[in-house]
Amino acid sequence: MWMTEIPLDVTPATVNVKKDVVPTGISLNKTGTVNINKESTDQLFATISPSDTTDTTITWTSSSQSVASVSSSGLVTANAVGTTTITARVGTNVTASVTY
């Protein structure tokens with residue numbers, strides 16, 4: 001049995017694989033100590049660097065939820081008189097904080 005080769009018109013494909021760009025810094029729109037009244041809110045915004053970071057997920061935490069809580073979008077709500085630290089974290093351990 002004879003095999004016949006059939007010519008194929010194959011166009012090579014180009015695949016670009018981007019390297020992950022890890023965050024090296026994060027800054028907040030407010031610094032130091034911010035005072036707000038009980039039951040008031042305040043919006044925090046974070047800027048991640050470098051600007052082409054591939055992991056841009058920010059995790060917000062409060063050191064004392066009873067004093068002030070923080071939403072996943074950075075909205076701080078004052079729950080009681082006191083002091084707490086609000087921290088924004090990106091990547092494995094890149095953080096920025098502000099005191100309320």
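Start by selecting strands E5 and E6: they form a hairpin with four residues between them, and Gly74 in the turn has a positive phi of about 90°. Strands here (E, at least two residues) are DSSP runs, numbered from the N terminus. This is a predicted model, in which local features need pLDDT of at least 70 and side-chain atom pairs count only at pLDDT 80 or more, while totals for chains, interfaces and linings use all residues. Residues are numbered from 1 along each chain as its sequence is written, and side-chain values use heavy atoms, with hydrogens and water left out.

**The hairpin and its neighbour**

E5 and E6 run antiparallel, joined by three bridges; two strands pair if DSSP finds at least two bridges between them. Click Ser69 and you will find Thr77 of E6 standing opposite.

Now colour E6 (residues 75-78) by face: Val76 and Ala78 are on the covered face, Leu75 and Thr77 on the uncovered one. In a regular strand the side chains alternate between the two faces of the sheet.

**Zoom in on Gln43**

Gln43 lies in strand E2 (residues 41-43), and its bridge partner in E6 is Leu75.

Show its side chain: it reaches the backbone oxygen of Ser73 at 2.7 Å and the backbone oxygen of Gly74 at 3.5 Å.

Select Leu44. Leaving aside neighbours within four places in sequence, Leu44 is in contact (heavy atoms within 4.5 Å) with residues including Trp60, Val76, Ile86, Val98 and Tyr100.

**Last stop: the open sheet**

Finally, select E4, E7 and E8. These three strands form an open sheet in the order E4-E7-E8, with antiparallel pairing. Strand E4 (58-62) and strand E8 (94-99) stand at the edges, each with a single partner strand, so one side of each has no neighbour in the sheet. Between E4 and strand E7 (residues 85-90) there are five bridges, and Thr61 stands opposite Thr87 in E7.

Notes. Polar contact = N/O pair within 3.5 Å; in protein donor to acceptor, adjacent residues only side chain to side chain. Buried < 20%, exposed > 50% of the residue type's maximum accessible area, 1.4 Å probe, protein only.
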